[in-house]
Amino acid sequence: MAENALPATDWNPRLRCRVGSADVGRAHRLLMGGADFLPPHDVYFLDRDAMTATEPSLELVERFQPNLLPLAEGTTGHRSFLNCDKLKQAAGWEHRATWRG
C-alpha cells in the first residue's frame, strides 16, 4: 500500500482509514467478551489511528475543507478524523496493523 500511495488531489473516500480484518475481529471479540460489564446496545467507532493519506490530516482539511478547521483544531500527524477512544477505554482495543512502519 505504501509504495502505491499518492498525494491527495481532492477530498474523497480514499482519505478514510482502513482497518484490517484481524483488528476488526479482535475488537468484536473484546466487546463480546465484555458483554457482562459493558452498557447494552452501546455504540463504538472502530478506526485505525492514522489515515492512509500521505499528507498530515490537518493539511488536508486546510487545503480541501477549510470550513472544517474549527473541528480539526489540535489534529496532529496523520490522525484519523474518527475517534475510537471510547472503544479503546471500554474494551482495551488497540489498532495494530499499519503500513507506515
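Contact here means heavy atoms within 4.5 Å. The model is predicted, so local features need pLDDT of at least 70 and side-chain atom pairs count only at pLDDT 80 or more, while totals for chains, interfaces and linings use all residues. Residues are numbered from 1 along each chain as its sequence is written, and side-chain values use heavy atoms, with hydrogens and water left out.

View 1. Helices (H or I, at least four residues) and strands (E, at least two) are DSSP runs, numbered from the N terminus. The C-alpha atoms fill a box of roughly 45 × 30 × 20 Å along the principal axes. Of contacts between residues at least 6 apart in sequence, 74% join residues at least 24 apart.

**View 2. The largest nonpolar core has six residues.** They are Ala8, Leu15, Cys17, Met51, Ala53 and Leu60. A second, separate core has five residues, among them Ala27, Cys84, Leu87 and Trp93. A nonpolar core is a set of buried Ala, Val, Leu, Ile, Met, Phe, Trp, Tyr and Cys residues joined through side-chain atoms within 4.5 Å; buried means under 20% relative accessible area (1.4 Å probe, protein chains only). Buried residues make up 26% of the 101 residues in the protein chain.

**View 3. Helix H2 spans residues 57-64.** Ser57, Leu60 and Val61 are buried in this helix. Seen down the axis of H2, these residues fall within an arc of 100°, so they line one face of the helix. The arc is that of the directions from the helix axis to the C-beta atoms. The cover over the buried residues of H2 includes helix H3 (69-72).

Note on methods:
Buried < 20%, exposed > 50% of the residue type's maximum accessible area, 1.4 Å probe, protein only.
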